[in-house]
Amino acid sequence: MLAFPNAKINLGLNVISKRPDGYHNLETVFYPVPLADALEITRLPQDGKHDTELHQWGNYIVEGTDEKNLALRAYRLLQEEYGLGPVRIDLLKCIPQEAGLGGGSADAAFALKLTSKLFGLDLPDTVLEQLASRLGADCAFFIRNYPVYAEGTGNLFTETDLSLAGYGLVIAKPKESVSTRQAFSHIRPRRPDIPLKDILRLPPEKWRDKLKNDFEDSVFPQCPPIRLIKERLYESGAVYASMSGSGSAVYGLFPPGKPVPDIAFGKDTFIYKGILPQTTKPK
């Protein structure tokens with residue numbers, strides 16, 4: 001069975017407070033975008049001669065990390081819960097790693113969904129979300145895969161009718177990356193002057209000076225190429241641009257009904273461009 005785990009972007013990202021467990025309370029909107037990996041899971045004979053296999057391709061594979069791969073960990077989770085037989089997992093990585101785009105989390109969530117169908121488990125979304133949350137704070141978002149307002153550590157979701165259908169999208173990630181730990185190292189938690197939900201009621205053309213990603217203040221000084229990408233997006237006509245998550249990818253939204261521009265960035269910069277489709281909530 002084949003699926004295409006898609007990336008997400010963050011619309012606003014406020015670090016509200018530090019929790020007693022050492023994590024932080026956040027508020028953001030997770031928004032799905034068409035940039036996607038390709039994931040296929042195939043059953044292998046349950047004859048004692050085969051074990052689960054992971055085969056990875058693409059530009060974003062780190063050697064020796066198979067057992068840390070979230071798609072494989074998702075399958076192992078269901079295998080242990082339901083006594084499943086071996087499978088072959090083929091994963092083509094197109095979503096950059098350490099980008100703030102949720103690629104690994106998407107792979108995990110889609111692996112759970114594919115495995116449930118492949119073995120006839122037919123697990124409801126609520127169960128899949130509970131399992132996904134054991135793999136990462138934002139993994140559960142990709143189970144239903146429509147825009148949500150996220151709170152807590154990024155694991156508490158509320159539906160939103162926000163739609164960016166028709167807007168042009170450019171995502172750019174420099175070769176440089178910033179770890180999540182580095183991004184948090186200079187964060188000062190605070191509540192924003194204007195509530196995120198109030199800002200997102202405005203059209204994207206009015207977000208520029210209001211909708212913030214708190215990690216930019218921490219990350220831009222550590223990695224100037226990320227800041228330069230944001231500036232380049234605005235120079236090229238973006239109505240709104242922001243770093244996604246804790247970086248290092250930056251996205252720009254462009255006016256509906258107009259061609260998405262070809263933009264020159266630095267050497268070795270990953271670039272994606274497309275048109276945002278209508279998002280569909282599950283019935």
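I began with A238, which is buried, with a relative accessible area of 9%; buried means under 20% relative accessible area, exposed over 50%, and partly exposed in between, with a 1.4 Å probe and protein chains only. I was working with a predicted model, in which local features need pLDDT of at least 70, side-chain atom pairs count only at pLDDT 80 or more, and totals for chains, interfaces and linings use all residues. Residues are numbered from 1 along each chain as its sequence is written, and side-chain values use heavy atoms, with hydrogens and water left out.

**Entry 1: A238**

I found A238 in the loop between helix 8 and strand 10; helices (H or I, at least four residues) and strands (E, at least two) are DSSP runs, numbered from the N terminus. Not counting residues up to four places away in sequence, A238 touches L233, G252, L253 and F254, where contact means heavy atoms within 4.5 Å. I also looked up F215, which is 23 residues from A238 along the chain, and the C-alpha atoms of the two are separated by 20 Å.

**Entry 2: helix 7 and helix 8**

I then took the pair formed by helix 7 (residues 215-222) and helix 8 (residues 224-235), whose axes come within 5 Å and cross at roughly 115°. Axes here are lines fitted to C-alpha atoms, for helices over the stretch in contact, and angles run from 0 to 180 degrees between N-to-C directions. Helix 7 contributes E216, V219, F220, P221 and Q222 to the contact, and helix 8 contributes P224, I226, R227 and K230. By class, I noted five nonpolar, one polar and three charged residues in this contact; Ala, Val, Leu, Ile, Met, Phe, Trp, Tyr, Cys and Pro count as nonpolar, Asp, Glu, Lys and Arg as charged, and the others, Gly among them, as polar.

Next I looked at S248, which lies in the loop between strand 10 (240-243) and strand 11 (250-254). Is S248 buried or exposed? I read a relative accessible area of 0% for S248, so this residue is buried. Leaving aside neighbours within four places in sequence, the residues in contact with S248 include E98, A99, G100 and I226. The peptide bond that joins G247 and S248 is cis, with omega about 15°.

I kept in mind that most residues other than glycine have a negative phi, and most peptide bonds are trans. E98, in the loop between strand 6 (87-93) and helix 2, has a positive phi, near 50°, and is a residue other than glycine. D268, which is not a glycine either, has a positive phi of about 70°, and I placed D268 in the loop between strand 11 and strand 12 (270-275).

**Entry 3: helix 3 and its cover**

In helix 3 (residues 125-133), I found L128, E129, L131 and A132 to be buried. Why do they fall on the same side of helix 3? They cover an arc of only 165° around the axis, which puts them on the same side, the arc being that of the directions from the helix axis to the C-beta atoms. Among what covers the buried residues of helix 3 are helix 1 (70-82), helix 2 (103-118) and helix 4 (141-144).

D125 also lies in helix 3, but I read a relative accessible area of 29% for D125, which is partly exposed.

The axes of helix 2 and helix 3 come within 10 Å and cross at roughly 135°. The two helices are therefore oblique to each other; angles under 35 degrees count as roughly parallel, over 145 as roughly antiparallel, 65 to 115 as roughly perpendicular and the rest as oblique. I noted L112, K113 and S116 of helix 2 and L128, L131 and A132 of helix 3 as the residues that make this contact, and they divide into four nonpolar, one polar and one charged.

Last, I looked up helix 1 and helix 2, whose axes come within 7 Å and cross at roughly 35°. The contact is made by L70, A71, A74, Y75 and L78 of helix 1, together with residues of helix 2 that include G104, D107, A111 and L112.
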